[in-house]
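Welcome, and please load the model in your viewer. We will take a short walk through it, one selection at a time.

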Amino acid sequence: MGTMTDAPIRPSFPARDVIILDGGLATELERRGNDLSDPLWSARLLIEAPGEIVAAHLAYFRAGARVATSASYQASFEGFGARGMDRLKATELIGRSVELAREARRQHRAESSPARDGREPSLFVAASVGPYGAVLADGSEYRGDYRLTVAELATWHAPRLAVLEDAGPDVLAIETIPSVDEGRALVELLARRPGPPAWLSFTCADGARTRHGEAVETAFALAEATDRIVAVGINCTAPEHAEELVRRARAETDKAIVVYPNSGETWDPRARRWTGRVGTDVGAASAGRWLEAGASLIGGCCRVGPERIAELAAIALG
């Protein structure tokens, strides 16, 4: 393949190819001095400081990530509406998140030296599709106790999902899903129409259960429901559970396995801060175990910054 363009490339993510994901976008934004103590979280910067989002994406590309995950995790019509923005403006902002990730990719390519063979590595833009609970800004994405039916969840997700699909990402990052019902709602939406491929990533309570308490095997098996799901796995889960969860996912599907844990700390939604111990389980040694267990898309989530992603990238190169 020669020089890449910015057109979506519809990745299939073969299970044998190692792809390094980015880390926590909010983590890098906060490190750069941005105050994210707001219900919109990093999505607020889509309005106030889009250049900061580009800079954060660039930091991960420079660290060796091959995927930039858009700042749309907490972006919603309801959240922007609470700021007095109409549906048209909210649609523009949600779509802008994908364009900012593309801009970071363009800048990274412009500043990078070409490889000896003239090829450029494939760099992907992933549109983050966060859970319903993220919009509530009360930590319920770590419980999944929404008391909504699959149909109601699908109705809520459908408009935002359509905006993100139409923005033209390479892949959808359906992430931090706490329950089988929410995963099923999103898979059913994907199956209704063609569009970009997606990975489906659950947040888990331990090495065997989703945050809502279901067996992870039931969650991972949803990947077989549509060809648009090209990878399944976990994110925003304590890293000590990652290897076991990768093994369980691999037992359920031949599709690629995605794993990007958090630092091991716990989010306190009332205090709006992370508590607990910063772990050391997102790095070269742990990444080697995830790869041996069957993962091929690896990265980090909350509180995992570019320096850790650089460690993972070194594993992929080595």
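Which residues do ring pairs link into a cluster? Select Y132, Y146 and W156: ring pairs join these three into a cluster. Keep in mind on this tour that the model is predicted.

Now zoom out and colour by secondary structure. The protein chain has twelve helices and ten strands. Of its 318 residues, 57% are buried. Take the contacts between residues at least 6 apart in sequence: 78% of them join residues at least 24 apart.

Next, select helix α5, residues 87-111. Its 25 residues should span 36 Å at 1.5 Å a residue, and the end C-alpha atoms lie 37 Å apart, so the two values agree. Look along the helix to S97, where α5 bends by about 25°. Then go to the start of α5: a side-chain oxygen of D86 comes to within 3.3 Å of the backbone nitrogen of L88.

Back to the aromatic rings. The whole structure holds four aromatic pairs. Show W199 and Y260, an edge-to-face pair with 6.0 Å centre to centre and 80° between the planes. W199 sits in strand β5 and Y260 in strand β7, 61 residues apart. Both W199 and Y260 are buried.

For the last stop, select F202 and F220. Their ring centres are 6.4 Å apart and their planes are at 70°, so this pair is edge-to-face. F202 belongs to strand β5 and F220 to helix α9, 18 residues apart. F202 is buried, at 0% relative accessible area, and F220 is buried at 0% too.

Key:
Residues numbered from 1 in each chain as written. Heavy atoms only, no water. Helix = DSSP H or I, 4+ residues; strand = E, 2+ residues; numbered from the N terminus. Buried < 20%, exposed > 50% of the residue type's maximum accessible area, 1.4 Å probe, protein only. Contact = heavy atoms within 4.5 Å. Expected span 1.5 Å × (residues − 1). Bend = angle between axes of the 7 residues up to and from the residue. Polar contact = N/O pair within 3.5 Å; in protein donor to acceptor, adjacent residues only side chain to side chain. Phe/Tyr/Trp six-rings, centres within 6.5 Å; stacked < 30°, edge-to-face > 60°.
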